Structure formats: C-alpha cells, structure tokens
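Open the model in your viewer and keep the selection panel at hand. We will go from one chain to its partners, then to two single residues.

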Amino acid sequence: APPTSEVNTTGLAVTDDTVTVGQLHSSTGTMAISETGSIQAEQLAIDQINAMGGVLGRQIKVIKEDGASDWPTFAEKAKKLLVSDKVGTVFGCWTSASRKAVLPVFEKENGMLYYPTFYEGLEQSKNVIYTGQEATQQILAGLDWIAKEKKAKTYYLVGSDYIWPRTSMKIARKHIENVLKGKVVGEEFYALGTTQFGSLINKIKLKKPDVIYAAVVGGSNVSFYKQLKAAGITSKKQTLLTISVTEDEVLGIGGENLEGFYSAMKYFQSLDNENNKKFVAAFKEKYGEDSVIGDVTQAGYLGPWLWKAAVEKAGSFDIDKIAAASPGIELDIAPEGYVKIHPNHHLWSKLRIGQWQKDGQAKVLYESELIEPDPFPKGYQ
Amino acid sequence: MNSRIFRTLFKTKAEAIAFLSFIVLVLIILPLALPVFRLNLVGKYLSFGFVAIGLVLLWGKCGVLSLGQGVFFGLGGYCMAMFLKLEASDPVSTAIQTTPGIPDFMDWNQITELPAFWEPFKSLPFTAAAVMIVPAIIAFIIGWALFKRRVGGVYFAIITQAMALIFSLGIDGNQGLTGGRNGITDLRTLWGWDIRTESAQQILYFVSCTLLFVCALGAKYITNTRLGRVLVAIRDREERVRFSGYDVAMVRTVIFTFAAILSGIGGAMFVLQVGFMSPSIVGIVPSIEMVIFTAVGGRLSVLGAILGCLIVNFGKTTFSEAYPDLWLYLMGSTFIAVVMFFPNGLAGILDKIPDLKTKIGNLVKRSSKPSTPPTAPTPISDEN
Amino acid sequence: MKTDNEDVLVVEDLGVSFDGFKAVDGFNFYLAKNHVHVIIGPNGAGKTTVLDLICGKTKATSGSVKFKGKELRKQQEFKIVRAGIGRKFQTPSTYENLTVFENLELSHPAGRGVFGCLTFRRTPEILERCHSVARQIGLSDKMNTEAGILSHGQKQWLEIGMLLMQDPEIIMLDEPVAGMSVRERAQTAELIRSISDHRSVIVIEHDMEFVREIADRVTVMHMGKILAEGSMDTVSKDPKVIEVYIGH
Amino acid sequence: MIAVKNLEVAYGQSLVIPEMNFSASKGEILGIVGRNGMGKSTLFRSLIGMIPCRSGEISLDGKNITKAPSHKRVSKGIAFVPQGRMIFPYLSVYENLISGVQGRVRREDVEEVYTLFPVLQEMRNRKGGNLSGGQQQQLAIGRALMTKPSVLLLDEPTEGIQPSIIKDISRSLREIRDLKDLTIVVSEQVLSFVLDTCDRIMVIDKGKIVREDDREDVDAEKIKAMLAV
Amino acid sequence: MGEYTTEELQSIFIMQGFSGLSLFSVLLLMGLGLALIFGQMGVINMAHGEFMAMGAYTVYLCSNLTEQYAPTFGPYYFIVSIVFAFFICAMVGALVEWLLIRHLYHRPLDTLLATWGLSLIMQQGYRSTFGAREVSPTLPEWLMGSYSFSEMLDIPINGVFVLILSVLVTAALMLFMYRSKFGLRLRATVQNRKMSAAVGINTGRVDRLAFALGCGIAGIAGAAFTTIGSTGPDSGSRYIVDAFLVVVSGGTASLLGCLASAFGIAQAQSILEFFLNGTQGKVATLLVIVIALMIRPQGLFPGKVRGN
Ligand SMILES: Nc1ncnc2c1ncn2[C@@H]1O[C@H](COP(=O)(O)OP(=O)(O)OP(=O)(O)O)[C@@H](O)[C@H]1O
Ligand SMILES: Nc1ncnc2c1ncn2[C@@H]1O[C@H](COP(=O)(O)OP(=O)(O)OP(=O)(O)O)[C@@H](O)[C@H]1O
Ligand SMILES: NC(N)=O
Ligand SMILES: [Mg+2]
Ligand SMILES: [Mg+2]
C-alpha cells in the first residue's frame, strides 16, 4: 500500500492500514423506515470492499451517526464527522431537506457526500456525488412510456408537500402539457404524515383521469394505497404510475394493495442480470431471506464502490482529488447494470417501469436507454 | 452591584453562587475546554435556553403550559434567516438562476420577483427589531384572545399545539415563499462578516450566551418582584387574584408575550450559530421538546431550565454518538427517572440538599424527636 | 345602632337563573354607608349568588348594581374590585404556595397593573400595613408560613386579612366565622365592628349569636327573594323566618 | 368502637399530634372541641387514613387498622365527613350519595338519607358542585351514611348549615345512634351543638387532650373559657 | 360544476358524506382511549400513539402466526386479533400505570414528561423488535374491498368496518362510564382521589383499570387502523395530535363531547379538503378548531360547575 503521507495530504482519518468513513442516516424517527435500506446496503458494500483488501490497501472503518430524521441534527452530525472525526467520505442522507442542511457543511469543511436518493435536481456540488437519479431521469421516460402504452391523455398529479414532489410534478406537468399534449386534470399536495385521503380519492373519482401520477412518500404511502384499494380504485379500473414506491415501501403497503400499479425507477430487486443476482444473494445472506431491496438501497450500495474507484483512480484520499477523479468513473458491477459518473457528479442511468405483483416484487416491463443526468433541465423550470 | 437589585435577583447567597458558577462555566471553562465545533454545539443548545426561560415564567410560575413556543422560536429564526438569505443571494452568487438576486428556493418555485414581505428584511436593524416584534405581536394577539376568554390549562396547551401545527404546515405549504420543508439554508454572511468561520462562531457563542444571561437575569428579576408573586398566585388561585384587583388576562398576556420575545431571540441566535432555519425546529415535536428541556431542568428555576437545555441536548448528542441504537432508551429512561425522583427537575436536587443536611444532622445527633421545621428566611425588606 | 345614611350600594331588581332555575329573582338591596348589613337565609336561598352577582363573578340576567351611582353590572371583576368592592369567598381562598406575608402584601392596592407590579417596592408603610393587619388577624407569628398549611380557621382569617389590605369601601364576607372557634368568633365580631367605622360591610352568616352581635340591619332571603328585612330583633321574631330558617 | 393508642401524626417535619389516647365505645357520641389549628382535622384524617400516622395504633373493634388504606377502613365500617365538604363537584347529587356503596344500591338506604335531608331529593340530579354550601354539607353527611358505617367521623358538620337544620342534624345523629348503635366522633366549634348532641366531650389543644368530661358533668363555662384563651 | 352529470354529482355527494363519516369514526376511535386517560383521568398520555402502534403490531403478529399455523383461519383472524390487541395493550397499560403513572396523579403536568419518555422507549422497542421499516399484516380480502353500487359509487368496506367498530366501542364505553358502578367510581376518583378513598373506593384499582381500559381502546384503534394506515415504529405518533384535538375540542369532561367534536372536525376537514387542496384543507380545519375553541373555551360540552 502507498504510504499514508502520500495518499492523505489533508489530515483525514487515514492510517497505514485503515481509513475511516462516516455514515449519516436516520436510524430513528420518521425517516428510519426509508433510510434503513441505505444503511444496510452501504455497510454491505463496505464489508465486501474490506474483504477484497480495502481501499488502497486500507480497511474501511465506519462511524455511524444517527440523523434522527431531524435536519439540524444532520447538520450537527455532519460537522462532527468532518471536523472531529475527519472522515474520508460520508455516505448519507435521504431526504432533500437533510441534504440541503448538510450541504453547506460539506462545502465549508470540504468533505465528500455520496447521496443515494432520487431527488429534484437543481443542485450540483463539487462535494456531493448523487448516486440516485435526478428528476428528469425518472420522470420523462416514464411519462413517455405510459402515454404511449396506455394512450393516456389526462393525468392527476398527487404528492407529498415538499420540494421533491413539487419539483417533480412541475417537470411532469410541463412534459405532459408541452411534449405529450395531454392534460393535467388535478394536482394536489398533502402534508407529510397525512393518513386520510378520502376527499382526495373522491376528487380523483370525479375527474376520472387516465393516469394517477403519484409521489406520496413515507407512512402516508401506506394509507394512500390502502384507501385507494378500499375505494375500489384498483389496477383493473385505473392506471397509476408512481415515482415514490420501491420494494421498501411495498413492505409496508402490502403487495396485494398495490397489485398492478406501476413504478418508475432505475432499479428493481427483480432485475434479471448477473450483478443483481449476486447483489441480492449477498444482501439476503447478510440481512435475512425476508429482506427487500429498493431503488434507493441499490443506489446506496453504489456509493462505497464509486468512492473506492475514485480513490484508486486519484491514488489519494484527498477530497479535491477524488472530486476531480470522479467524472468518467464507470462501474461494471452495479446491480442496476452499468453506471458512469457524469461531470456534473450525477450518474448516467436507465429508467425502468415495473409493475407490482402480489408478492411485493415488480415485473419490469420497460427499460430505457442510458439517460444523461441534467439537474438543470432547460424548458422544465 | 447595587445591593437592592442584587437581592431582587437572588433570594439566597447559594443561588447567586450557583448562577455565577454557571456563568463561569459557560463563558470561561467551556470555551477553553472545547474545540470550536463542540462549543458551537453548546451555543446551539443554549439558544433553546431562551425558550426555556420563557417557559419557566409562563409554565412554572404562571401555570400556563404552551406547547407552541416553537412557533415564536421559529418566527425569530425565520426573520433572521430571511435577512441572511437575502445577503447570501446577491446577483453574483445566484447568477445561474433564472432570476438572479432572489433566494434559490424561490427560483426553483418559479417565483420571479422578491415577495413584498421579504423586502424589509434587507435591513439589519429592521430584522433585529422584527426578531422580537413579530413574535411579540403574534403572541399578544393570541394571548389576549385566549386569556380574555379565560382559556387555560389543557385547552391553552392544545390550542398552542394546533398553532404550532398550523405554522409548520403553513411553511411547508408555501414553499416558494418560505423554503418549505427544506427550510432556508446555506446562510453565509452577516453584513459581509462570514458567520461560518471558527472565529465568527466563537464570537457568536459569546454574544449569544451573554444575551442569554441578560435575559435570565431579567427573568429572575421579574420572578422576584411582585409580578413574580402575582404569577404564582394566578397559578394557584386565578379567581382570587382577579378579586384582589388584578387583570389576570393582561398579566398572562404580557408574560406570554415576553416569553415569545425571548423565544424569538433564541431563534435568531440559533440561526446565526447553526447556519440555517427549517420547519423541523418549529413544529409540534420541537415545541414539546422545549417543554421537556424545561421540565428536566426544573420548571421553577431559571437556571435549572437553562441547564436542562444544556444537559438534555448534550445527552442526546453523546448518547447518540456512543450508542446509535440504544440512545432513545437512554433518553426515555432519563426523562422518566427525572420525573420519578426529581419532581422539580434537576434544579430540585439543589433544593434537596438542605433537606439531606438536616437528615444527616439528625442521624449524627441521633435525636429521636424530629427538629422543628426549618424556618423560612425572613422576607427581604427595604427598611434599611 | 347607627342611623341611616346614604346608600353606597344600590341593587335593584337583580335576577339570575341557571338552566331555568331562578336562583335570585327580583332582588332589591340597599347598603348604607358604614353599615354592617347581614344577609341570612336558608341553605340555597341565593345569598352567595347575590355576592357573586355584585362582584361580577356571575353575570346577572336582569337588574342593576350601582356603586356610588356607577353601574357595575357589565364591569369586569377586577375593575369592580378596583372600584372599591372586596369579597371573601365561602370556602377560604388564599394563595397556597405563598407565605402569609406574601398573601397580604399581594393584596395591597399599590401597583396592580403589570408594570406597577414590576416597579412595586415594599415601602416601610406597606410593610407596616402588612404587619398591623397580621396582628389584627392573629397571624403575626405565621408570617413566613405557606398559606397552604394553615388550618381551616387560620385560612379564613388570612382571607379577611387580605381584604383588609385591599382597603375597599365595601367588604363582602361570605360566612366569615364558619369553622372558627369561640374566641375567633368574638374577635371577628370585634373586627367587623371596628372596620365598619369607615366602610360598609355585607356579611352572610348562619351563626345567629354572631349576627346579633354585628348586624346593623338584616335581610332574610328565601328562594332567591327577600323574605324579611329589618333589625335582628324584628327579623328573628318573624314567624316566617322562624319557620323556614331558624327552626323551633 | 374505635380506639387510639399513642397516636403521633406529623406533616413532614411538623408534629401536629404528639401523642394521643382515647377510645369511643359503641353507641357513644364523642365530641371533640378545640381552637383553630389544634389538630382536630389532622386527627380525623389520620383516623380515616388520608395521612399516615408516624407511630401509635388505631384499632376498630379491637382490630388494628393502623396500616390499612382508607377504602379498607371504610369497608370495615368507618365513614368520614370531612371539613370543607369535599363532595364530588361533577357528580350529581345522587351519584355522590352512592359513590361509596359497595355492591347493590338499596332504595331504602337512599330514601332514608332523603328523609333526613329532603333538599337532596329535590336536587338529586343537579351537579354536586352547583349546590349551595349548606346543601353540600348535607350531601356530605348523607354520603357518609350511605356506607352503613359503625363508626361515623364528622369534622365540623354544622359549618355553613342553617340553624333549623343544625337542630335537625343533632336530633338525627342521636336517632341514628340509637337505631344502629353507631359510634360517632364529631368535632365542633358550635358549643351548643356539642352540648345538645354528645355524650362525652374532649378538649384538644396543640394535639393533646387536655380535658375530658361526660355530658352530665360538663361545665360549659369552663370549656368556653378554655376555648377562649 | 356543469361538467358533471347529476348522477355523478349525486354519487360524489354520497361518497363525500361517507368519507366524512369514516373520518369521523377514525377520529372518534383515536380519541376515545385518550378521552378516558386524558379527559377523565387528567394524564397527558404522550404514549397514546405508541399504544395504538402496539395494537397494530399485534395484528401483524397474529397475521403472521395465522399464515404459518392456521392458514384456513386467515379470513377471520382479524377479528380475533382486535380482541388480542385490546387485552395486550390493556395489560401493558396496567403495568405502566403501576410502575409509573400512579406516582404522578398529584402532579398531572409531569405525566407529559414521563409519558414522552415512555413513548421514546416504546418506539425504539418496536424498532429493535420489528425493524425500522413498516410492516404489513395481510388483511383479509373481504375487508379490503368495496361495495360497488354503481360505476361511480363505491363504499369502502374497511370504512364501514371501522365505523361499526367505533360505534360499538363508544357505546360500550359510554355504558361503562355512565351506567356502571365502576364508571361512577372512576369519575369520583379523578375528581378527588383522597376523598374517594375516604368514601370507600379502592382508588388504586380504579385508576389501574381505567388506564388499562384507555390503553386497551387505543390498542383496538391501532388494530383497526391497519386497514387504512401503516404499521411502523412511529405510525402511532401520526395520530396523537389529532387525538388530543378531538378530546380537547369536545371538552375534556364528557365522552359526548368527544363524539360531537370528532363529528364536527371530520365534517369540516372532509368538506374543506374537497374544496381546497390538501395542506390548505388541513390548515383551514385547524383554524376552524382553534376559533371554535376560542369561542367556546371549555370545548363543545363544558362540564363546568360553579367554583368558589
Ligand atoms: N351554577 C349553578 N347551576 C345550578 N344551580 C346553581 C348554580 N349556582 C347556584 N345554584 C343554585 O342556586 C341556589 C342558591 O345558591 P347559593 O349558593 O346562592 O345559596 P346560599 O344562599 O349561599 O346557601 P348556603 O347558605 O348554603 O351557602 C342553590 O339552590 C344552588 O343549588
Ligand atoms: N398539609 C399540612 N402540612 C403541614 N401542616 C399542616 C397541614 N395541614 C395542617 N397543618 C397544620 O397542622 C395544624 C393543625 O391543623 P388542623 O387542620 O388539624 O387544625 P384544626 O384543629 O382542624 O383547626 P380548624 O378548627 O381551624 O379546622 C395547624 O397548625 C396547621 O397549620
Ligand atoms: N429526495 C427526496 N425524495 O426527498
Ligand atoms: Mg353560600
Ligand atoms: Mg379542622
């Protein structure tokens, strides 16, 4: 292994045989539901890397911090990881709000964050690698598919009330109206944590949209789908495309309540390729046969591998060098198939449409070409 | 110090010593002992102390439990954040936006012009005033409306809780104007002075703590004047106070307003030290947490309540660092233990010391008959 | 027996009903200056309710309450108090967590506004007042005792003391000697006589001996209305009063 | 019958009853008089178990009940009318009456109380808290009688009651005693009531019994003098 | 609304009415346990939501056990598990009362702090036991469907189920509170604990039973809500604010108030949500409640008596 003085010129927590990294997710609070998958996947990747000999001959040590679903806590813990633990990189965050809270810290202290969630875009930072998809990568191809396959003309947009659903819906509306020449017949946002959707469902019934386009997140998801089903809105009668349901959410909703609806994601657990089979097997071995893997979980898994690749390409743990080395890095072992880091620090990725089955898995019906990430899409703002 | 004022502030010598030691701890020992990053955290914890002081007066002394103090903390914080955000959003650094010169989140929400209510927050003096006046006005209106109608007890608590919910939903629902759930982030400078640097954080720490002590002394002063006694009287027997000729609604409203002003200042200090503002610090849960801090520290004691903020948050940080999976058990048990064993919060431990002393004394003397009850100190008089 | 002089409090046609039940009905009452006016009557006659109506605790449904010519009926309680009417409740009502001294001091009328409270000073005069009132009510040695742990009778006294501190023009006492022992009764009677030198007092009592000792004038209430009125001697011989109230 | 031996009661540090011994036998009405703050109510509260006694023994019909909780004492036959009435303000008059009854409520028992205090029947559906002071006092006595006690403790039962009813109460207490062979312990300020009602009178001062007379030998003037010091 | 046919409007009218009704039943069920524990006993139970979650997890466990050991019983296990939920939550409630709450009756405000601590512990307990993720009990098919009257008009069966359940529980609780000896003793106990003991009430037992009952009802609510909501460590905390609002707006003194306020809030919310959008609807509902409380400070059904 190269000497520490060479690979670490900025005083990070790197010794001759270890490198310390941080992991910053919510393991308590409302977001723990979603972030648990990322925590597990990142840990799995790190274990695998360590088993392969580590990074630049150094074993990875993890300091795990709990953001507790509270943005100021995220900022506090981020600062702690960077300032007092001097970690080499951080894998973390789920919600955009938590990312917005830590971003200034990462920029100020010059740290590196691997962020795994699909998000609204409108951001690009030297200090963040976005391993999930930005909005256009998730929305446009999906809408194209549904318009073509289902001959959909009218859409009803529903989301939780915060920036990601709102931005996503904004982009979706522009695409529907300007490109697909369809019509948005309703757009509604409900506060996070809402459990009652009776009135919304009635409104949808009244408008009879061809497609319900949904971005409801968190615990509200469960209520939303259970109540849809109870109101007789099932896939037999109604097309529904969501950008916020992964295998993780299905665990709570119950496959039978979602059967036949579509999700637009870049990854599904059921993807049929060698990388994914290995990944799923390893994941289940570590976390049990019952565990499931969603889109964000997979994106979380990419983080440590992408970081390893960047460190090795740069030959150094220094943040600036990793940041510079990252664009162009490709990953052949990615469960989603193949990924590559774009100069704007987002990943090239495919968009897939999955149809949910009773057993909680999705059947992949469509797969796009690799889509270039475009966090500041012209014409959609 | 003028001895009369001194005696109004501190009833006993022990109290004065405790207060002084706390000042020494916060202003001298901690800054020397802690790295700036940790000191900054302490500063953040102590910004909740402003709220706690208000709660001591409002809840501990006057018996009015507000579960909506986060609203005022938030109002102060948002006022400050708006100023800082405008300063961070100069046309140069926001050049890539569709509309340069407005805060980034407005741009994301297709707002093309700075909303009118943001305009005045370009001025620091206005902002500084607004930090106190905005919470004050809102508290006064709500307080007057409620207290006038004799809404009290749990009704007041739940109405203020609903208020906290309304406020945080309002922020969420008006993302273009408020930054929504993300809050107002990436605050950088105050009149060109970079508040993110270590030296700035140190200075802000001292400013914030000094302000806190000033407010604490102010609160102590109030509790030891007649107003303080009226508060306790209202808590015990509201009706009687009314029939002693006091305007109970007014007294409560004023205290509620005062507590709101303190919370507003706390919010502003929080923003300056943490560097962003978000609805997650102003909703129901944080409002309850602020009550919890106060209760743990001791809702009857100004110093205790501040200490409560410090200790609970410090515990939260260290427990969660050391036992990421168990820390909630520890926090939960701590709260329960405090309730069970220290009815007056941690400050109650201090009260118990004389008790213990006499107990030990009795043991030593082996006297079977109990001593006469300890005589209370004679009331401070102004005769001399 | 004092001679009649001007009326400080004029209550006319006062009435209130609770869910249809007329607790006080067409009640007229004239309180003369510096008089001790006792209201007696069977349990539930409406005596306490009359005091509630005068001091604004209960809002009257009809009638008027005039204090020195000023209408009080729609006033807020604390304004009625500030106008000069003080009241003691039937069950003793003191500030349990404050000491006897603080209870008294709080009742002093100086600085009752919020800012008055902040700038309030314990001047030597005020202290002297507290101590002299404490002597009057026999609690001098309990000045630093919390009111909550006083005995029943001591609380009664304390509440009277708080009224004295207020220095009102009209004092209304609801069963002041209930629960008081023989000596305290005598002292209270004495106290009431002496304070009525320069103020008017309304007393509600069931202790006939006590009433006889203090009353300048007695009003007997029954079922919300006046049954009889006059001196104690006339009233106590009234067969209606004996029938419904005193007993045979 | 109820007996107290070497009873010592204190509130925290302040010892209110330093030592007390007495007993009241079956069918006896024992009056306790004493000035304000001398510990009468404290004695009653410790007899019913509202406050623990520091040492000594309380026994009922020879059985030691010193450590028994209040409700056990009630089921063993003690009933208590506290000073200040303490009726349940949000319960109706009827509900107040039957609140302590174990098992089925018997009509006759209720009727009996109603005959004693007719006003309660009139107001049986009104909330206790809305009654006048004297009505509440009657309710409190009625409530105690409903549990069919063998020992009845009354702490200043005539407080706030109109003269005619006081006379009635005095009469009824003696009647009930005769009828049911009840032990009654009553504290009072109104000396005439005590003299009319009680068989034996104790004077208590600073928590100690300083004088004890059977009614026949009571010297009213002496007692008055003691109370007036 | 010219763009819709009369039939459509009619259907929507009915369905909107029903959705108000089912929201009413949800709010009512949510509030009942709290109405007992908070409204009657004065204990500010911040762990109410966690007891609801306990009920939900009970259903989940029952569902798993049924699938494993008695798959044929599948369609009916749900009813049985609601009963289980009641008893399990009641037992835990009794334990909590014995360990914690009974020491705090004389300082009710402190129950806020203690139960807050308790709720943290319970939430983390669920997380350690069942994982941080939501789980989903398999719900019987008959419960998750809808009666379809016409193309437009579907009435959700789970809504009907919750409605019936909440009516039953309310009726039972009302009978219990106002017609039984125990209810009387409870009401006496909460008004004056010492005096209640002195009239012969075993207040300790009454308190324990009442607290257990309140927790049990929370358990029933939680179990029933698995049909419309999520089951996760913090699922319960989503209900707590609404539950308190319902109890307080009704006036803490009476169950009838709880009923009325649940109805009022539900109707306000479902109407406002229909005409405004989601967040605005919620804000408007809250404002309506706050203003209503300002006008009637003691809630819809004040139980006030004259004080001294
Ligand atoms: N808020 C109320 N609701 C219903 N009834 C009430 C209310 N307030 C008073 N009453 C009734 O009005 C009547 C008069 O009560 P009040 O307290 O004035 O009597 P009082 O003359 O003071 O009797 P006492 O001598 O026993 O104190 C009583 O019958 C009482 O029950
Ligand atoms: N809760 C308490 N804590 C401490 N001291 C108390 C408490 N209650 C009463 N005391 C004190 O105990 C003494 C006896 O009180 P108690 O109430 O027994 O007197 P009492 O004889 O019933 O008087 P009264 O005739 O006025 O009712 C009083 O000096 C009183 O101050
Ligand atoms: N980035 C999201 N989905 O919050
Ligand atoms: Mg009265
Ligand atoms: Mg007494």
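A contact here means heavy atoms within 4.5 Å. This is a predicted model, where local features need pLDDT of at least 70, side-chain atom pairs count only at pLDDT 80 or more, and totals for chains, interfaces and linings use all residues. Residues are numbered from 1 along each chain as its sequence is written, chains are lettered from A and ligands numbered from 1 in the order in which they are written, and side-chain values use heavy atoms, with hydrogens and water left out.

**Stop 1: chain E**

Select chain E. In this chain, 77% of the contacts with a separation of 6 or more are between residues 24 or more positions apart.

Switch to cartoon view. Helices (H or I, at least four residues) and strands (E, at least two) are DSSP runs, numbered from the N terminus. Chain E has 12 helices and 2 strands. Follow the chain from its N terminus: the order is α-α-α-α-α-β-β-α-α-α-α-α-α-α.

Now zoom out. Along the principal axes, the C-alpha atoms of chain E fill a box of roughly 70 × 55 × 35 Å. The radius of gyration is taken over C-alpha atoms, and the globule rule is 2.2 Å times the number of residues to the power 0.38. For 308 residues, a compact globule would come near 19 Å, and the 20 Å of chain E agrees with that.

How many of the 308 residues count as buried? The share is 66%. Buried means under 20% relative accessible area, exposed over 50%, and partly exposed in between (1.4 Å probe, protein chains only).

**Stop 2: chain E against chain A**

Of the 8 pairs of chains that touch, A and E have the most contacts. Chain E brings 42 residues to this contact and chain A brings 45.

The size of an interface is often given as the accessible area lost when the parts come together. Buried area is that loss (1.4 Å probe) for two parts put together, summed over both. Chains E and A bury about 3700 Å² between them, and carbon and sulfur atoms give 50% of it. Pick out R133(E), E134(E) and R238(E): they supply 20% of the area that chain E buries against chain A, more than any other three residues.

**Stop 3**

**Stop 4**

Most residues other than glycine have a negative phi. Which value does C93(A) have for phi? Its phi is positive, about 70 degrees, although C93(A) is not a glycine. Find C93(A) in the loop between β3 (90-92) and α4 (96-109). C93(A) counts as buried because its relative accessibility is 0%.

Move on to N110(A), in the loop between α4 and β4 (113-115) of chain A. N110(A) also has a positive phi, near 50 degrees. Its relative accessibility is 25%, so N110(A) counts as partly exposed.
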